[in-house]
Amino acid sequence: MTLESIISVRNLHVSYRDRKVLKGINLDIYKNRITAIMGPSGCGKSTLLRCMNRMIDLSEGARVGGKVLYRGENIYSPKIDPAQIRFRIGMVFQKPNPFPKSIFENVAFGPRINGYKGDLSALVEQSLQRAGLWDEVKDRLHENAYMLSGGQQQRLCIARALALEPEVLLLDEPCSALDPISTMHVEELIRQLKERLTIVIVTHNIQQAARVADYTAFLLQGELVEFGETSRMFTVPKDKRTEDFITGRFG
Ligand SMILES: Nc1ncnc2c1ncn2[C@@H]1O[C@H](COP(=O)(O)OP(=O)(O)OP(=O)(O)O)[C@@H](O)[C@H]1O
């Protein structure tokens, strides 16, 4: 099966004021695959993820050099509208952050402000189905989203992102605030979602990368140490530092 690169990171450098946090990253994200970005705390995982849909623009003091190509086009080119990029490349954050609105409104909000012309109720149902939450919430769509458990809130945030029908979904440690059962639900969901979209997941959890990702990128102090198929990297790492990390010798 041929691999199609949907995002290509080329010689990416990021500094926060004078501090360099990414130092020349080159990486391809393949279509309909799950790619994990793993590494110890502070190595630059979230920064790399945020560069992939220009969320980094919202980080004060961040300077970006190099390119991120999305379908061959540099998303840092002046002619690109970052809002459009963020519609195509959605994001879910570490802590579930539903809006203080009903479950229905959380999912309907984005498409509505984006001028969605179709059947909004059907879109909400489909998005909740795809996020594996529909059966749990179908009878309480007009309750406040804050009534849901943490794991349900995170799946609601995934449904909210899916309602915009993105091509790529960026997940920044989506399970770090969840218990093991909710984590299992979200991981199962991620595996199902790759049928229709491309997923990049940041995790400092080695086991999680091994469980869900087809490809893994290992980052250390702002440098990409190793990238490749997860099954290969976890059995025959090419770099001693990768081996030390996955065997728990540091990080
Ligand atoms: N807005 C910011 N301003 C200044 N420094 C920042 C900013 N955001 C992140 N940093 C710093 O940049 C470095 C990389 O941060 P980043 O959040 O990308 O790492 P990470 O690998 O995702 O870490 P963690 O696993 O702890 O979330 C860290 O040293 C962090 O303190």
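Reader: Which residues are closest to the ligand, among those that surround it?

Author: Happy to start there. This is a predicted model, in which local features need pLDDT of at least 70 and side-chain atom pairs count only at pLDDT 80 or more, while totals for chains, interfaces and linings use all residues. Residues are numbered from 1 along each chain as its sequence is written. A residue is near a molecule if its C-beta atom, placed from the backbone, lies within 6 Å of it. The ligand is surrounded by 14 residues, and the closest are Tyr16, Ser41, Lys45, Ser46 and Thr47.

Reader: Which helix gives the largest share of the shell around the ligand?

Author: Helices here are DSSP runs (H or I, at least four residues), strands are runs of E with at least two, and both are numbered from the N terminus. The largest share of the shell is three residues, and they come from residues 45-51, which form helix α1.

Reader: How many residues of each class does that shell have?

Author: Ala, Val, Leu, Ile, Met, Phe, Trp, Tyr, Cys and Pro count as nonpolar, Asp, Glu, Lys and Arg as charged, and the others, Gly among them, as polar. Sorted this way, the shell around the ligand has three nonpolar, two charged and nine polar residues.

Reader: At what angle do α3 and α4 pack?

Author: Two packed helices are described by the angle between their axes and the distance between the axes. Axes are lines fitted to C-alpha atoms, for helices over the stretch in contact, and angles run from 0 to 180 degrees between N-to-C directions. For α3 (residues 103-113) and α4 (residues 120-130), the axes are 9 Å apart and the angle is about 115°.

Reader: Which residues of α4 meet α3?

Author: Two residues are in contact if their C-beta atoms, placed from the backbone, lie within 7 Å. From α3 come Phe104, Val107, Ala108, Pro111 and Arg112, and they meet Leu120, Leu123, Val124, Ser127 and Leu128 in α4.

Reader: Why does Arg17 count as exposed?

Author: Arg17 lies in the loop between β1 (5-16) and β2 (19-30). A residue is buried if 20 or more other C-beta atoms lie within 10 Å of its own, exposed if 12 or fewer, and partly exposed in between, with C-beta atoms placed from the backbone. Arg17 counts as exposed because its C-beta neighbours inside 10 Å number 8.

Reader: What is the phi of Glu173?

Author: Glu173 sits in the loop between β7 (168-172) and α7 (180-193). With 19 other C-beta atoms within 10 Å, Glu173 is partly exposed. Although Glu173 is not a glycine, its phi is positive, at about 45°.
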